[in-house]
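Morning, everyone. Please look at the screen.

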Amino acid sequence: MTFDNTTMHKYYVQSGPSRWVLLAPDLDAAAIRFAHCVLRDCVRNHQCPTSSKRMIDEEAYQSLQDRFDSTVVVSESGFEGDQTGIFATPEVLDRWRKQIDALEAKMRNGDA
């Protein structure tokens, strides 16, 4: 197994009432990691996905979406600091779902 020396940076990420301080390699990864932190309660733990049981609890997912406003804001200088990156929430959530779907597919195929 090889590990690259990706430098992790500290980011302040917020949307709606949710605020997190995260380590990530870049702004984009910080936005996706933030989505996971906010949405983690809708991911079913310790269950292998099947065709009838998905990793995401859709009802919980819909409820947790209310914790976002229209953008996800990323800063390197604090919650009140300069906004380094502004991402459209639908795009961030879509990319997060694609990552979860890819993980689910790997688990179903026994590759994970």
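A definition to begin with: two strands pair if DSSP finds at least two bridges between them. Strands themselves are DSSP runs of E, at least two residues, numbered from the N terminus. Now the housekeeping. This is a predicted model, where local features need pLDDT of at least 70, side-chain atom pairs count only at pLDDT 80 or more, and totals for chains, interfaces and linings use all residues. Residues are numbered from 1 along each chain as its sequence is written, and side-chain values use heavy atoms, with hydrogens and water left out.

On to E1, residues 9-15. Strand E2, residues 18-24, runs antiparallel to E1, and seven bridges join the two. Across that pairing, Tyr12 faces Val21 in E2. E1 and E2 make a hairpin, with two residues between them. Gly16 sits in that turn, and its phi is positive, about 55°.

E1 has another partner. Strand E3, residues 71-75, pairs with E1 over three bridges, also in the antiparallel sense. Here Gln14 is opposite Val73 in E3.

How covered is E1? Five of its seven residues are buried. Buried means under 20% relative accessible area, using a 1.4 Å probe and protein chains only.

Let me stay with Gln14, which lies in E1. Its relative accessible area is 16%, so Gln14 counts as buried. What does it touch? Contact means heavy atoms within 4.5 Å. Leaving aside neighbours within four places in sequence, Gln14 is in contact with Arg19, Phe34, Thr71, Val72, Val73 and Phe79. With Arg19, the side chains make a polar contact at 2.9 Å. That term means a pair of N or O atoms within 3.5 Å; within protein, one must be able to donate a hydrogen and the other to accept it, and residues adjacent in sequence count only if both atoms are side-chain atoms.

Technical notes:
Buried < 20%, exposed > 50% of the residue type's maximum accessible area, 1.4 Å probe, protein only. Helix = DSSP H or I, 4+ residues; strand = E, 2+ residues; numbered from the N terminus.
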